[in-house]
Amino acid sequence: KKSGESAGGGEKLTIAFLPKSKGNQYFVTCHKGAEKAAEEIGAELLFDGPTNSDPAKQNEIVENWISLGVDVIVAACENKEGLSTALRKAQADGIKVITYDADALPDARTFFVNQATEQGIGDALLDNAASLVGNQGEFAIITANLTAANQNAWIAAIKARQAEKYPDMKLVDIKPCDDLKDKAQQETTNLLSAYPNLKAVISVCSPGVPGAAEAVKQAGKTGTVKVVGLGLPSENKAYVKEGVTQSVVLWKVEDLGYLAIKAGAALADGSLKKGDTEFNAGKLGTLKVEGDNILLGTPFSFTKENIDQFDF
Amino acid sequence: MKTLLQLSDVRKSFGAVRALKGVSFDLLEGEVHALLGENGAGKSTLIKVITGAHAPDEGVLKVGEETLSALTPAHARALGIACIYQQPALFPDLSVAENIGLRLKKPKAFSIVSRGEQRRKALELLKRVGAEIPPDKEVRELSMPEQQLVEIACALGSGAKIVIMDEPTASLTQKEQHLLFGVVRDLRASGVGVVYISHRLEEIFALADRVTVLRDGESVGTHAVKDLNEAAMIKLMVGREVATLYPPAEGEPGATVLSVKELCCKESGVRDVSLEVRAGEIVGMAGLVGAGRTELARILFGITPADGGEILLEGRPVRIGSPREAIAQGIAYVPEDRRRHGVILEMPIAHNISMAVHPVLFRGSWLRGKAETDLAKKFIADLGIKAYGPEAPGGSLSGGNQQKVSVSRWLATKPKLLILDEPTQGVDVGAKSEIHRIIRELAKEGLAVLMISSDLPEVLGMSDRIAVMREGTLAAVLPGGSDADTVMAAALGQRGKEVA
Amino acid sequence: MPDAKPFSIKALLARHEVVLLLVIAIEVVIFSMLGRKFTDGSNVANIFRHSTEIGLLALAMTPVILTGGIDLSVGSMMGLCAVCFGMLVKDAALSPVVAGAISILIGAMGGGVNAFLIARLKLPPLIVTLGTFSLFRGLAEALTKGSRSYSGFPDSFLALGNSSVAGLPAQVWIFLLVAVGIYLLVHHTSFGRSFRAIGYSPEGSRYAGLPVGRNVSLAYVLAGAIAGLAAVIFVARLGEARANAGIGYELLAITAVVLGGTSIFGGSGSVIGTLLGYVVIAVLQNGLKRITSIEIFDRPISNISAELSGMLTGLLLIVALAVNPLARILATRRSRRQAILKP
Amino acid sequence: MIGKYSRELTVAVALVLLFVALAVCAPNFFDGQPLLSRFTAQMPALVAAIGITLVIITRQIDISIGAQFSMCAVVAGVVAGAGMPLPVAMLAAVGTGVVMGAFNGLLVAGLGLPSIVVTLATMVTWNELLRLWQQGRLMPLPSGVQWFGMSQAGGQGIVICCSLVLLVFFAWAMRNLALGRYVYATGTDAEAARLAGINPRWMTFGVFTLSGALAGIAAVLNMVQSPQVQPSAGEGLELKVIAAAVVGGVAITGGRGNLIGVLLGLMLLVNVNPALTHFHQPPYWERAIQGLVILLAVVFDGLRRSKK
Ligand SMILES: Nc1ncnc2c1ncn2[C@@H]1O[C@H](COP(=O)(O)OP(=O)(O)OP(=O)(O)O)[C@@H](O)[C@H]1O
Ligand SMILES: Nc1ncnc2c1ncn2[C@@H]1O[C@H](COP(=O)(O)OP(=O)(O)OP(=O)(O)O)[C@@H](O)[C@H]1O
Ligand SMILES: [Mg+2]
Ligand SMILES: [Mg+2]
């Protein structure tokens, strides 16, 4: 299925798919789902994203797509405000914009494919952790870096939830790990000795989960300190089975990519419009649309019992 | 007697400079063979060919039984050749013992260096050359003479069959020189061949068996020392009578331009120097290497500002804190180390000449190419600089012409006082007398000239007065026309005549 | 003696610049053949809009490298200035013009820190700017507690980064202005002359009475100020100011300068070379994104353009540097062989 | 004698002060297990720092060391993941390091190119090649790889032993082996070294190759510490080890420095962050403080030099 010469606007629909970063298993999996959807639809799929933490890279890619004349842009935003500038330009050029995974500002896209609201993720993570530690005690958070927008949003959600529902729990520290597993491990080691009463570590970035788990394991605190995080089952399987990591929260990532592309295509051919309350997403069945959010469903907790059933 | 080393028809050029134009040379077992020649005659280059530092362009080397077209330093060392370079080739960051260890018989790469052993050996060698230097000291902390002694110790210790010494006594004191002579005689007695370079004829008479004279990159003959007297030797070296070389002084000097009183600078070891230079006068400055002449010049030019005493220019006291201030006061300094401080080899002549006059030539900082080229052309014509044009890079010129470029830069500033540091070092005979002519012309035009030189005949021939420095102080100020012995006596201290 | 054929460094430089032009031509030909809509006006505008900041930093780096130094801190300086700009506009409610001017001033002051340590205390530029590389970025992070970002700037300001003036992106005009300024500075003033002289021989320059410390300082202060300007343009383009602005840009800028033929040891080099080196990189980065029809590693080139352009830039840099020494080595080999054959 | 080691002493004093402050305010810092884990985790950086120190002493620089580290880690991961025995994976890692180091060495020593630009170019090239190849995937390793297939305690012992043995060996060799002295000589004055019969080109080539090999060993020591390999593992390593060397008193102008200083410098730098955590400080200042430590170190050097 060579793309041929159909520059955007030609006979074949061109959909551009933007991950937050390319070298990340999460988005590689998303891309897999996106490819399946594109194949079903018969659309051409472009895939490009930043390879480093340069905040301007996503904008450049989007603007490049605008001048390439793609029909639809499906984007996950690393920098909410920053990328919105570029997405607005795309919309002004008649390109349909859908966001997934991490939203842009509402006026910079038509729909957001919501794998789970910021709130939903924060709640799931904290609820999981809380039930593991009996709703009380100290916990710490590992994040990718202090500048990542949607991780900050999740952390905010966690804080809000804690204030509201778990007054006996206390967030003691937030540490960045630069998306490096080894650094997450070192930071967790430090946390474990700096806060001897630490009961749980929540990682909101995927390399952080195995990193934190390894630290807890090495410290001999398996089971005493719970590890909860957002991550891929495949990267955490071993730790979950050993009982170091208690639960990994995630949605079906491949479905997210699939749904985002489906929605993009539907938006382009007019079958999905503002104000719809339902969306028929092929093999995923009919999904709910809430306002301008298309809901994938609630996040999923992978535990010792069910983790073997998943291969991403 | 066996021949240790034989060179035939060796040639070597550096770009446009033909340093060696076909030199033949041989060294016998158990002899001291002196190499003699003016500055820039090619002595050091010849030696570097022997030690493998330079590969010759043409010619054949025969070391012992081996015939070679070129050597590498490692190979030369393996063949038993050791050398004391004119510029000490030591490692400033390493200790004395380590330096000596590195230069002894090269150990296998993976062999363990016993530090105690190394230290002991270093101590022993240093003692043999009579130096009291702690072997653990880093070489960067040593003075020039001390470094020279370490070099000598290195060469001694290597157990070489051929030992080369390039001006080893240049910075040594009396006592150390005597020790060195003892060492050389020991070496000769044990069958080692010594190549000995010195500008001091009396040393050659005292030590050498044979002498080879280089002139302008060519060997002009090898003679037994006992067959020659001093005059004959000088004649061989310069190729004509010395007396006719220097342009005569004319007229009376004018007002005092520079007057320094009890000048001191702790950092560079200059103490209590009081001196006057008048307009139209050339004051020659003699002394041994390391006597502090360059240091004095650097003080006057603001590179290492003085911390005591007074400098008066045309009667006004001035403070000179940087070269820029010196230039503003009308002082110009043609530095000794042309490669590092003088001409920038990569830049065109025109750029080199205009460097010190940027604020004047380029008002408002805006480059004026034409004005710059014109300036350069004027000096190229005036001083007879041999180059294809103002855009020729400095590095494409011969040493003498580079020196003229360096002088041009400073003349462009229209100075009142011109300090020349070794103005003819590494300059060939023709260019040398031309530079002398230029210096004399400048003096005639009313410039005050302070000329530092290690070339005694030059100082004697050019100066209206001669200042002699020793160990950072002014030892004497002698009238022009003083004889060499008097100057040397002042430079060496009281017992100067006892050298041999 | 010097009767040899006039050999001029200028001719050599010209040759390097010709080579770069050729590389650009080849890039353009390949990308317009294989890439989609590569020569479209909007794409050409993108090429320059997206790389303006890197181009500015490359220009800023040129005088620094000419003096034989290096400045690793310019990318971090962009982060710091971006954050300061954001704070000034959003927290202190200053107009973007005033805030921009202050940001540039802050950049100049940061450059002044480098200048003081390098020119006054005579510390090695590589290490000093490695230190300020961490320091400036660290300050930017500390000021924003890592997570704060500033957005919602007035449209009139955002236009600086996103609109076009007379057919060119607005920021490109600023870039051209700076380029002309740096060109004049380096090639037509005594400052530029002394940068070179210092690069070739700092000691020699001092002996010639050049104000070495002052001019070296100027180069670093200027680099800081231009980094500040780049930060403002960057914020205008993204509409957001954050501590992570300009991450990794210093390396791209150095690459452009060196690719442009400026010697990393100082002394020789030209602003035109820097500009060409920068264009080579900018075109490469953009052009690869446009090739959707060819696959390598089972992926269309456009999918892996970032990785490929990085690799190709690295290789290009090695080739550009290695060509001359290799040619020299081969030439001496050949001449030696001929000398042997000649008897 | 004290003057000669004043740099090492200063760093040691700074480190001791930091530890004293920690002992007073946050004694938990010295809890056995976390302390051991923290120390073990820095061993790969220490091994890489040995390489970079040798490179800097020869008056060169290698900023591709982080990229080499990542590449070696991934190669080892791929080989181990393919079911090869651990020694084979180790050899593959070290071999990859040697090849990459030799490539730098060839360009720097053979063609006389400036090392900063050469290694900048190779850094970018290796990093991007890795991204193309692995797309950031965390590679799972067979269970036998972790801690060399031993218990964690035993494995940590091996990692620390290997690293310290390497450090002590190189520290000893740089002082006592003829070759070590040649490295210093080359960095002090390449021309003088040539005159002394040392081939500076071979020394430079050798040092780059060795640094590559050490990056390979470091990658192996890092790989065994967890059951997964991350292809970006070496990100930022070059800055960390160069900074450690500089803070530890290695002169960027070549010829000076020793590995004990580097060990101290590394320990100082890597303990800033844990200390902040133990003082319950937010992490925002981490990078700024590291920058300050580097600047203080060079300023200290500069002052000491100008006093002489
Ligand atoms: N590396 C070099 N590059 C270019 N020219 C050189 C080099 N070395 C020496 N020369 C030139 O070769 C000529 C011979 O120099 P050499 O050092 O051999 O003279 P010398 O006889 O030792 O003089 P002196 O008595 O001053 O030591 C000089 O003109 C010098 O400028
Ligand atoms: N009294 C002293 N104390 C310390 N160092 C000294 C002293 N005298 C000379 N030196 C050092 O010896 C070296 C040579 O000194 P200087 O250049 O002033 O001598 P010079 O008379 O100009 O000799 P030349 O120009 O022939 O080499 C310098 O590096 C200087 O620092
Ligand atoms: Mg000589
Ligand atoms: Mg002198």
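This is a predicted model: local features need pLDDT of at least 70, side-chain atom pairs count only at pLDDT 80 or more; totals for chains, interfaces and linings use all residues.

User: How much area is buried between chain A and chain C?
Analyst: About 3,100 Å², with carbon and sulfur atoms giving 46% of that. Chain A puts 34 residues into the contact and chain C puts in 37 residues.

User: Which residues in chain A lose the most area to chain C?
Analyst: Ser67(A), Leu68(A) and Thr147(A), which together make up 18% of what that side buries.

User: And how many salt bridges go across?
Analyst: The rule finds three between chain A and chain C. Lys22(A) forms a salt bridge with Glu307(C), where the closest N and O atoms are 3.0 Å apart.

User: Which element gives the largest share of chain A's side?
Analyst: That's α2(A), with seven residues. By class, the side of chain A touching chain C has nine nonpolar, 16 polar and nine charged residues.

User: Switching to packing: how many residues are in the largest nonpolar core?
Analyst: It has 238 residues, and Leu5(B) and Phe153(C) have the most contacts inside it. Helix α10 of chain C, residues 212–238, supplies the largest share, 16 residues.

User: What is Leu5(B) in contact with?
Analyst: Setting aside neighbours within four places in sequence, the contacts of Leu5(B) include Phe25(B), Leu27(B), Ile50(B) and Ile162(B), and also Asp26(B) and Lys62(B).

User: What about a second core?
Analyst: There's a separate one of 73 residues, with Leu263(B), Val277(B), Ala326(B) and Val343(B) among them.

Definitions and conventions. Residues are numbered from 1 along each chain as its sequence is written. Chains are lettered from A and ligands numbered from 1 in the order in which they are written. Side-chain values use heavy atoms; hydrogens and water are left out. A nonpolar core is a set of buried Ala, Val, Leu, Ile, Met, Phe, Trp, Tyr and Cys residues joined through side-chain atoms within 4.5 Å. Buried means under 20% relative accessible area, exposed over 50%, partly exposed in between (1.4 Å probe, protein chains only). Helices (H or I, at least four residues) and strands (E, at least two) are DSSP runs, numbered from the N terminus. Contact means heavy atoms within 4.5 Å. Buried area is the accessible area (1.4 Å probe) that two parts lose on being put together, summed over both. A salt bridge is a side-chain nitrogen of Lys or Arg within 4 Å of a carboxyl oxygen of Asp or Glu. Ala, Val, Leu, Ile, Met, Phe, Trp, Tyr, Cys and Pro count as nonpolar, Asp, Glu, Lys and Arg as charged, and the others, Gly among them, as polar.
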